[in-house]
Amino acid sequence: MKLLSFSVDNEEKYGAIVSDGIIDLHKLFPELPDLKSFVASQHSLDIALFAGKKADYHQGEVTFLPVITRPNKIICAGMNYREKCAEFNEKGGDPTLFIRFADTQTGHRCGLIKPTLSNEFDYEGELAVIIGRQGSHIPADEAFNYIAGYSCYMDGSVRDWQHSWFTAGKNWPATGGFGPWMVTPDEIPDPQNLNIITRLNGKEVQNDNTHSMLHSIKDLIAYISTFTTLSPGDVILTGSPGGVGKKRSPPLFLWPGDIVEVEISRIGCLINHIISDNEEYPVTLQSELDNAC
């Protein structure tokens with residue numbers, strides 16, 4: 001099942017993707033205000049309520065929002081692919097973690113903002129894991145029981161503000177693309193065998209498989225839940241493959257007008273266009289967005 005957050009006429013909703021569009025789940029479960037509360041209650045809901053139901057909206061009628069609009073936590077793993085570690089001359093060890101704030105996110109087909117104060121806005125395509133159950137000190141062999149779904153993430157990095165730590169380079173407004181939807185675990189039998197590709201203006205710039213992670217998804221959940229309680233709707237970003245713009249020769253960064261895509265097998269393709277921090281949605285790019293992925 002594919003689940004998403006979206007808005008229609010500035011009213012926030014959540015739903016399920018079906019063959020002819022999007023079913024409005026908020027209308028069926030009004031007691032659950034958002035997708036975070038839906039995934040927390042999903043095990044006790046009568047999903048048959050929308051089996052066979054026709055779509056309420058076509059995808060072109062809605063504005064995509066970040067999959068989880070207000071997660072309590074976004075915990076990110078850095079340097080978690082072998083090629084990326086080699087590019088940055090990093091050694092293995094315990095997971096490198098940092099925090100991204102919820103208000104830095106944006107949705108599928110929405111603008112990623114390149115800060116005016118940066119000349120090194122970089123792309124990092126990642127697999128996002130959405131937590132579905134509360135848990136602390138979760139054993140690695142039980143970790144998959146706590147996952148509500150998987151999604152694509154563009155972890156935009158402001159390299160010239162990142163320095164030797166991550167926080168200042170990862171938390172500028174609308175620099176984290178999240179979407180287009182989350183896919184429930186029943187449709188992804190092996191999340192450690194997913195191809196992940198990032199494209200910039202149609203050109204492939206990252207290509208790897210999640211089996212290249214240094215710290216697996218279940219190990220990340222076990223490690224993180226040792227020091228903080230995970231809650232439904234929390235998001236774990238599992239790291240980016242090699243090929244980032246900072247380490248290319250010459251460097252390759254994001255500029256207004258660019259289109260960046262993150263495609264992960266069995267999940268879908270997240271598309272974002274780059275805008276400046278004083279720019280409105282560029283309607284002229286709509287045809288290019290339609291041709292992406």
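This is a predicted model: local features need pLDDT of at least 70, side-chain atom pairs count only at pLDDT 80 or more; totals for chains, interfaces and linings use all residues.
Trainee: Is Ser-157 buried or exposed?
Mentor: Buried means under 20% relative accessible area. Ser-157 has a relative accessible area of 0%, so this residue is buried.

Trainee: Which residues does Ser-157 touch, not counting residues up to four places away in sequence?
Mentor: Lys-170 is already known from the polar contact. Leaving out residues up to four places away in sequence, Ser-157 touches Glu-120, Phe-121, Asp-122, Glu-124, Gln-162, Gly-169 and Lys-170.

Trainee: How many residues of strand S17 are buried?
Mentor: Strand S17 spans residues 259–264. That strand is mostly covered. Of its six residues, the buried ones number five.

Trainee: How many bridges join S17 to strand S18?
Mentor: Strand S18 covers residues 268–276 and runs antiparallel to S17. In this pair, Val-260 stands opposite Asn-272. The number of bridges joining S17 to S18 is six.

Trainee: Which residue takes a positive phi in the hairpin of S17 and S18?
Mentor: Look between the strands, where the hairpin has three residues. The phi in question is near 70 degrees, and the residue is Arg-266.

Trainee: In what order do the five strands form the open sheet?
Mentor: S17 pairs with S14. S17 is also joined to S18. The pairing in the open sheet is mixed, and the order is S8-S18-S17-S14-S15.

Trainee: Which strands stand at the edges?
Mentor: Check the partners. Each edge strand has a single partner strand, so one side is left without a neighbour in the sheet. The edge strands are S8 (111–114) and S15 (203–209). Neighbouring strands of this sheet are turned against each other, direction ignored, by an average of 20 degrees.

Trainee: Which strands are included in what covers the buried residues of H5?
Mentor: Helix H5 spans residues 217–227. Its buried residues are Ile-217, Leu-220, Ile-221, Ala-222, Ile-224 and Ser-225. Their cover includes strands S5 (74–78), S6 (96–99), S10 (125–131), S11 (147–155) and S16 (235–237).

How values were computed
Residues are numbered from 1 along each chain as its sequence is written. Side-chain values use heavy atoms; hydrogens and water are left out. Buried means under 20% relative accessible area, exposed over 50%, partly exposed in between (1.4 Å probe, protein chains only). Helices (H or I, at least four residues) and strands (E, at least two) are DSSP runs, numbered from the N terminus. Contact means heavy atoms within 4.5 Å. A polar contact is a pair of N or O atoms within 3.5 Å; within protein, one must be able to donate a hydrogen and the other to accept it, and residues adjacent in sequence count only if both atoms are side-chain atoms. Two strands pair if DSSP finds at least two bridges between them. Axes are lines fitted to C-alpha atoms, for helices over the stretch in contact, and angles run from 0 to 180 degrees between N-to-C directions.
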